Amino acid sequence: MAEYQKIEYRIGKDGKITETVINGSGVSCTNATSGIEGALGEVESQELLPEYYEGEENFTGTEQQSLKQK
């Protein structure tokens, strides 16, 4: 069965993009966004929230990253 994750993007006035993964945990967060990040540009910073470390059985995690456009 497919697992769905919501990915939210916010673009600031300075052009900085903040990415948040909702309903994901562990490596599934970073795997879900790697292709988009590659297309958008270099990841400037990454903040892995506590849910990232809780394991694959908990699908309530979030991940936030700041991307710099190419």
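This is a predicted model: local features need pLDDT of at least 70, side-chain atom pairs count only at pLDDT 80 or more; totals for chains, interfaces and linings use all residues.
Biologist: How many salt bridges does the count come to?

Modeller: Let's start with the pair that meets the rule, a side-chain nitrogen of Lys or Arg within 4 Å of a carboxyl oxygen of Asp or Glu. The side chains of glutamate 8 and arginine 10 come together at 3.1 Å, N to O. The count comes to one salt bridge.

Biologist: Which side chain of opposite charge is nearest to glutamate 19?

Modeller: Glutamate 19 sits in strand 2, residues 17-22. It is buried and has no salt bridge. Its side chain does make a polar contact of 2.7 Å with the side chain of tyrosine 9. As for opposite charge, the nearest side chain is 10 Å away, and it belongs to arginine 10.

Biologist: And leucine 49, is that residue buried or exposed?

Modeller: Happy to look! Leucine 49 lies in the loop between strand 3 (41-48) and strand 4 (63-69). The cut-off for buried is under 20% relative accessible area. Leucine 49 has 15% relative accessibility, so it counts as buried.

Biologist: How far apart in space are leucine 49 and glycine 26?

Modeller: Along the sequence, 23 residues separate leucine 49 from glycine 26. In space, taken from C-alpha to C-alpha, the distance between them is 9.8 Å.

Technical notes. Residues are numbered from 1 along each chain as its sequence is written. Side-chain values use heavy atoms; hydrogens and water are left out. Helices (H or I, at least four residues) and strands (E, at least two) are DSSP runs, numbered from the N terminus. Buried means under 20% relative accessible area, exposed over 50%, partly exposed in between (1.4 Å probe, protein chains only). Lys and Arg count as positive and Asp and Glu as negative; His and the chain ends are not counted. A polar contact is a pair of N or O atoms within 3.5 Å; within protein, one must be able to donate a hydrogen and the other to accept it, and residues adjacent in sequence count only if both atoms are side-chain atoms.
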